[in-house]
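Please keep the sequence and the model in view while reading.

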Amino acid sequence: MLLASHYNYWIVIALMMIGLYMVIAQGNLVKKIIGLNIFQTSVFIFYISVGKVDGGGAPILSEGESLYSNPLPHVLILTAIVVGIATTALALALTIRIKRAYGSIEERDIQAAEARQEQAVPEIHPQPQAPAGKEK
Amino acid sequence: MLAHLPILQVILPLMAAPSCLLIRRTTLVWLFTLAVSIAALVVSVLLLQQVYAAGPITYELGGWKAPWGIEYRIDLLNAWVLFIVTALSSVVLSAAHTSVQKELGASQQTVFYALYLLCFAGLLGIVATGDAFNVFVFLEISSLSTYALIALGKDRRALWAAFQYLIMGTIGATFILIGIGFLYMMTGTLNMADLAERIPPLSESSTVLAAFAFIFVGICLKLALFPLHLWLPNAYSCAPSIVTAFLAATATKVALYLLLRFTFTVFGVDFSRAQLPLDTLLIGLGLVGVFAASIVAIYQANIKRMLAFSSVAQIGYMVVGIGIGTATALQATLLHLFNHALMKGGLFLVLAGLVYQLGGCRIEHFRGLGRTMPWTMAAIVVGGISLIGMPLTVGFVSKWYLIAAAIEQQFWGVAVLVILGSLLAVAYIWKLVEAAYFQAPQGDQGAVEKREAPLGILLPAWLLIAANIYFGIDTRLPVEVSTAAAQFLLGGGAQ
């Protein structure tokens, strides 16, 4: 039974799609970050389940064990988890500063504020505004 | 000492980054960062010399043999890219002190240099390593520091740009991670040379195809290839000026290197070119990118943003070269990699000088600059000419090779479109020239006082602009290296 025996991959794919959908569809920045986390976690699960060997034990030297799971994907994914935490921390820090600067963490509000800022032509520093010169 | 050059290249800036935080005085931190960058440049020159004379160098990290330990492998291609990144970083850094002091608060400056070195180390690591998972780790080191660097921008829009880039960049990097996972599943190795040996027999497998798809899309997100370029204009236009100059000159070049490395070395020419319609896809996306980005660039009032869109267009040219895929075309791509770093590094540095003096770089600021800032404006004009690709500049050399490659393969349409694309560059550069030389300066028209950009920024900028002309006339060094590197890429991965 292909469907049942590879259920781990189905879980990975489901989580991955849920995560990606959240990142795209949610307007709230914190919800976007949560979506990103779910997306990354699905990849972690994928790596960990790849390392599983049927009937294999923990990869520690012990008597009576001759079959071990592959430890390398687990080690790799430890690194990726650390990277994921750093990304989340940075994203949350940015969200705090966005909240202070824009007063909102809704994508729609921020884009509206951007559009207003874009339309208002900024003054030119440091010289004062003056009518365009006639000499040419 | 010489045997350890490959790791020194990466570890030097990586160790120096936290040390920055121990130094309090901003001038000292700057000098320290500059010294590290120049040391990295020296290392890369030595590496390039060694590789050119004696062929690829392999270095085993911590003495662990290759398939188990991480291997660094320096061949002509990455030695060349390492040289470009370190050289451009050193020039940009020499201008950093003046610009950063003006644009960033005192408390932010030390952090800025620490982040800069981290990003620098990440970029060098991506290029130097011969291990697929190591690529992901260094990619994230450089990306995370880039997000923070962009968020240092003065405008609040910088925060939003950094957040958008963070979301897209993380999705891209995670895609690469998924692809590497698939490859490990199929081959049981992460070493690029091993992968290159074990993938060809498996080329029919749909897992390998999926791996390629994920890695390809992930890299193209980092590269800002046309439909995936949305993060780039905002990020470049909101970041502090020095960061823009650094990123424009190095980050996209490193992503392009990754694309070359994975399509040609890891997956191999047979897999990625014969089996998949990659050439059509890359030529198509590249050309659409050239036109779409150039046309949008014409309508930008913010000049930093205009040049950012122009970067997307230039990436299009490089990708067209990969798409055509002959030795001449790859050479055109490698030449443009170097040339575009010179052009955009120079132009964005000049803009840094403008922002320093005028507080912004919208088109209104350019009025009458030909009279008030003659040397600054002259640099922009020469850089712009190079961007268009007129003879005697580097821009001409790479476009010449690209068009020659297209004609060689009888791709007449591609050749014509490349020329038409260059005409669009004329349109947006002309806009600056018109404002600067044919419109009166702001303010009093009687007393036109000269207010050049500060020398600390203008000199490094002119150094890069002069290089645009020098390498446009004396093309020996880049042409020689890129010929050899292109042949090496097509000659298969190993040796």
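Of the 495 residues of chain B, what percentage count as buried? The share is 63%, where buried means that 20 or more other C-beta atoms lie within 10 Å of a residue's own, exposed that 12 or fewer do, and partly exposed in between, with C-beta atoms placed from the backbone. This is a predicted model, in which local features need pLDDT of at least 70 and side-chain atom pairs count only at pLDDT 80 or more, while totals for chains, interfaces and linings use all residues. Residues are numbered from 1 along each chain as its sequence is written, and chains are lettered from A and ligands numbered from 1 in the order in which they are written.

**Overall form of chain B**

- Chain B contains 20 helices and two strands; these are DSSP runs numbered from the N terminus, helices being H or I of at least four residues and strands E of at least two.
- The C-alpha trace of chain B spans about 75 × 60 × 40 Å along its principal axes.
- Of the contacts in chain B between residues at least 6 apart in sequence, 80% join residues at least 24 apart, a contact being two residues whose C-beta atoms, placed from the backbone, lie within 7 Å.

**The nonpolar core**

- The largest nonpolar core has 226 residues; such a core is a set of buried Ala, Val, Leu, Ile, Met, Phe, Trp, Tyr and Cys residues joined through C-beta atoms within 7 Å.
- Val92(B), Leu117(B), Ile150(B) and Ala162(B) have the most contacts inside this core.
- Leaving aside residues up to four places away in sequence, Val92(B) touches Ile242(B), Ala245(B), Phe246(B), Ala249(B), Gly345(B) and Leu349(B).
- Leu117(B) lies in helix α4 of chain B and is buried, with 28 other C-beta atoms within 10 Å.
- Beyond its neighbours within four places in sequence, Leu117(B) is in contact with residues including Pro13(B), Cys20(B) and Val36(B).

**Packing of α3 and α4**

- Helix α3 (residues 76–103) and helix α4 (residues 106–128) of chain B pack at an angle of about 170°, with their axes 10 Å apart; axes are lines fitted to C-alpha atoms, for helices over the stretch in contact, and angles run from 0 to 180 degrees between N-to-C directions.
- α3(B) is therefore roughly antiparallel to α4(B), a term for angles over 145 degrees.
- The residues of this contact divide into ten nonpolar, three polar and no charged; Ala, Val, Leu, Ile, Met, Phe, Trp, Tyr, Cys and Pro count as nonpolar, Asp, Glu, Lys and Arg as charged, and the others, Gly among them, as polar.

**Loop residues with positive phi**

- Leu392(B), a residue other than glycine, has a positive phi near 75° and lies in the loop between α16 (374–388) and α17 (394–408) of chain B.
- Leu392(B) is partly exposed, with 13 other C-beta atoms within 10 Å.
- Gln410(B) has a positive phi near 65°, and Gln410(B) is exposed, with 9 other C-beta atoms within 10 Å.

**Contact with chain A**

- The contact takes 33 residues from chain B and 38 residues from chain A.
- On the side of chain B that touches chain A, α6(B) supplies the largest share, 15 residues.

Terms used
Parallel < 35°, antiparallel > 145°, perpendicular 65-115°, else oblique.
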